Structures are given as C-alpha cells and as structure tokens.
Amino acid sequence: MAFKVSALASKIPQAARDNIKAGWTTSVGLGDKVYLIRGKIEWPAIIVSDTRARRVRLDATGKAHETQTEVMYNRFTVSQAVMWGEKWAGPKGSFGGELADLTYTLLNHEETEFKLERLVRSRTFDQFPDEGDEENGLQLITKTKAKIKMKTPPAEAVWKTKVGPLPWPAIWRIRADYVSPRDKISWMKVRHRTLWVAKSGGMNTTSCAMTGCVHEENIEHLVDCTLIRRGFWTKIEALMRALNMNPGCRLFWLFGLKPGRNKWEPADPEEAAMISWAWRALYAEVTRAHIDDKPLDINAAYARFVRLAHMRLQAYGYKWYRWYSRQQFRAFPKVVPLKHRQKKLIESGPDAEYLINPTLSAEFRRTPDKERN
Ligand SMILES: [Zn+2]
C-alpha cells in the first residue's frame with residue numbers, strides 16, 4: 001500500500017507554499033503571539049508595535065518569558081502561534097502547531113474531560129506508514145495536560161450566513177467510533193471552515209478538480225458538486241443504508257445532522273466514523289489532484305474510503321481480541337462488554353471473535369486497490 005502523503009507534501013510547489021505562508025502574514029495586531037520565520041530561524045515573539053516584535057524565550061514547559069530583544073517583523077514570515085492555554089505549541093501550519101490545534105479543538109468541543117490517554121492509545125489504530133510522526137506528537141500531548149475553556153469558534157458565524165442557524169452544541173458533541181486522531185482532521189476542518197481548498201489559493205486553479213466541473217472549489221462545493229456527489233457521496237449513502245445506517249444528505253456530510261421527527265438529529269458514533277473517513281479519503285484525493293495538476297479520481301477516493309473503514313474495523317476487532325487473549329486464562333476472565341459487541345459495522349462474541357459486517361467486507365473485496373500496482 002502506498003499512502004505516500006509525505007512524498008506528496010514535498011511535491012507542493014514552492015510557489016504554493018509561499019502563498020500559503022503569505023496568507024498568515026496578513027493580519028497581525030498589537031499583542032499577537034507569533035513565530036517569526038526565516039530560513040532555519042523560528043523565533044517566538046509578541047507584536048509590540050506596527051513594525052516591531054519583542055522576542056520571547058520559551059522555557060521547558062512551553063511558557064513564554066519576555067526578552068529585551070526587539071526585531072522588525074516585516075523581515076520575517078509571521079505565523080500566528082498555536083497556543084495551549086499559556087503554552088506555545090508551534091507556528092500555525094507546522095506539524096506541532098496543527099496537532100496542538102486539533103487537540104485544542106477536541107478539548108474545546110468534546111465537553112467532558114477529554115481523555116488524553118485514550119487519544120494516545122488510539123494510535124494503535126494508525127497503520128498508515130505516513131502516520132509515524134503522530135507518535136511523537138501524541139507524546140507531546142500527554143505531557144501537556146492543559147485544561148482549556150470553551151469558546152465559540154468564529155466558524156459558526158460564517159456557516160450561519162451560508163446555511164442558516166444550526167444546533168452547534170449538538171454538532172460539537174458528535175463523537176466517532178474507531179477513528180484515529182488523524183482521521184478526524186479533515187471533517188474537523190470542514191466544520192471549522194479551515195479546510196484548505198483550491199479557492200484558498202496557491203494552486204494552478206481555484207476551480208473544482210472534477211473533469212467537466214467549472215465551479216469554484218470551496219468547502220461546500222466538495223459536497224454540493226453534482227459529479228462528486230454522484231461518484232462519491234451517493235455511493236457511500238447507499239453503502240450506509242445497506243449497513244443499516246441512516247445518512248442524511250448535505251447537512252449530514254457537512255455537520256453530521258440528519259432530519260429527525262421534529263428537529264435535527266446528530267449522527268451516531270458509527271455514522272460519524274463514516275463521515276470522518278469519507279472526508280479524509282475525499283480530501284486526500286482532492287489534494288493529490290491539485291498537487292499533480294490532474295483531474296480528481298473519484299473512484300480512487302471511494303476506494304480509499306472503503307479501505308480506510310475496513311482497516312480501522314480490523315484494528316478495532318484486533319484490539320479487543322488482544323485484550324481478551326491477554327487475560328482469558330485467568331481464574332475469572334472478563335468477556336468483551338456488550339456495548340462493544342453490538343455494533344453496526346462490527347460484531348463480536350464474548351470471547352472477542354469479531355466479524356466485520358459482511359456487507360462492508362464484500363464492498364472491500366469488490367473495490368479495486370488502485371494504489372497496489
Ligand atoms: Zn465540482
């Protein structure tokens with residue numbers, strides 16, 4: 001299997017990188033916490049006037065201490081700092097920064113106390129070769145046990161102008177089973193309106209990557225595009241129905257909402273997993289298309305989705321199997337709890353013999369692995 005995401009990333013044209021970076025320099029205000037970047041330099045600093053920034057020193061815990069050194073910040077690429085409460089996690093756009101940002105988001109919106117340990121353990125779900133880095137990132141997270149307050153992200157206001165009022169607390173409460181931390185990113189960015197799309201600039205085009213579609217590529221268009229809908233979303237909707245799930249359409253894929261009796265009903269954890277995998281798979285192919293300047297291969301996106309789902313379910317089944325085998329010869333072995341057995345996508349007996357839903361397995365076998373050759 002060849003998920004060469006890091007190789008892909010290295011192929012992003014320099015012009016595109018510069019463009020993305022240029023975007024970050026546009027709005028800094030007094031007191032902003034930033035990183036000043038130039039070549040190998042990456043200095044944490046605070047903006048103190050309209051030309052100057054005062055450098056700060058970060059101690060071992062990531063807290064900043066002011067220094068007396070001021071520099072002209074227009075001689076650097078200025079990137080907003082991603083903060084963990086008081087701590088500086090890294091420049092926006094860097095791996096450390098993005099990971100902290102993701103975790104911050106999870107902390108913000110999964111109201112109950114977020115179990116960092118759970119996040120770390122879930123890295124056993126990560127079987128893509130490109131996810132090695134995540135391990136370091138997650139260790140960083142375990143060290144940082146910051147408690148973070150709730151705040152309303154501005155994305156909600158922007159979405160409101162586009163789709164009207166939505167039950168945001170319910171949306172942020174949606175959780176997904178089976179998924180890895182990285183599986184969550186694309187869909188998370190959709191809801192936060194931070195998913196990078198062609199319209200954001202930096203590529204050869206600002207329009208949709210599907211052959212025959214001239215629409216501008218923005219986040220909604222990835223769901224609304226007739227061609228993407230036909231080749232991707234409706235196929236997943238059909239598969240979900242065959243799996244006894246009940247997807248909605250547009251707002252389901254964007255926000256995990258489906259029409260209920262008299263109000264919106266949020267996706268359940270297994271449906272939310274399907275949404276996360278769908279976005280991850282689609283977005284990977286969209287990005288690849290733009291980087292290679294080729295049309296979007298929508299069948300590859302669907303195949304990626306099916307493989308991803310299948311792989312995560314295998315990992316989930318294996319996790320319980322390992323858990324069970326480690327203790328089955330004890331005097332009083334435990335059985336797999338019922339709530340972990342009765343699922344739509346995977347079934348298991350008390351002794352952790354698991355069975356991925358045959359409909360999904362069949363779809364997995366039927367779907368060609370385009371990357372294999
Ligand atoms: Zn389109």
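Residues are numbered from 1 along each chain as its sequence is written. In this predicted model, local features need pLDDT of at least 70 and side-chain atom pairs count only at pLDDT 80 or more, while totals for chains, interfaces and linings use all residues.

**Whole protein.** Start with everything selected: the protein has 14 helices and 10 strands (DSSP runs numbered from the N terminus, helices being H or I of at least four residues and strands E of at least two). Of the 373 residues, 32% are buried (20 or more other C-beta atoms within 10 Å of the residue's own, with C-beta atoms placed from the backbone).

Select residues 52-58, strand β3, together with β4; the two pair in the antiparallel sense over 6 bridges (pairing requires at least two DSSP bridges). V56 stands opposite E66 in β4. The hairpin has 5 residues between its strands, and G62 takes a positive phi near 95 degrees.

**Helix pair.** Move to α13 (residues 298-327) and α14 (residues 358-366), which pack at about 130 degrees with axes 9 Å apart (axes are lines fitted to C-alpha atoms over the stretch in contact, and angles run from 0 to 180 degrees between N-to-C directions). To see what meets across the pair, select V306, R307, A309 and H310 in α13 and L360, E363 and F364 in α14 (contact means C-beta atoms, placed from the backbone, within 7 Å).

Technical notes
Contact = placed C-beta atoms within 7 Å. Buried ≥ 20, exposed ≤ 12 C-beta atoms within 10 Å, placed from the backbone.
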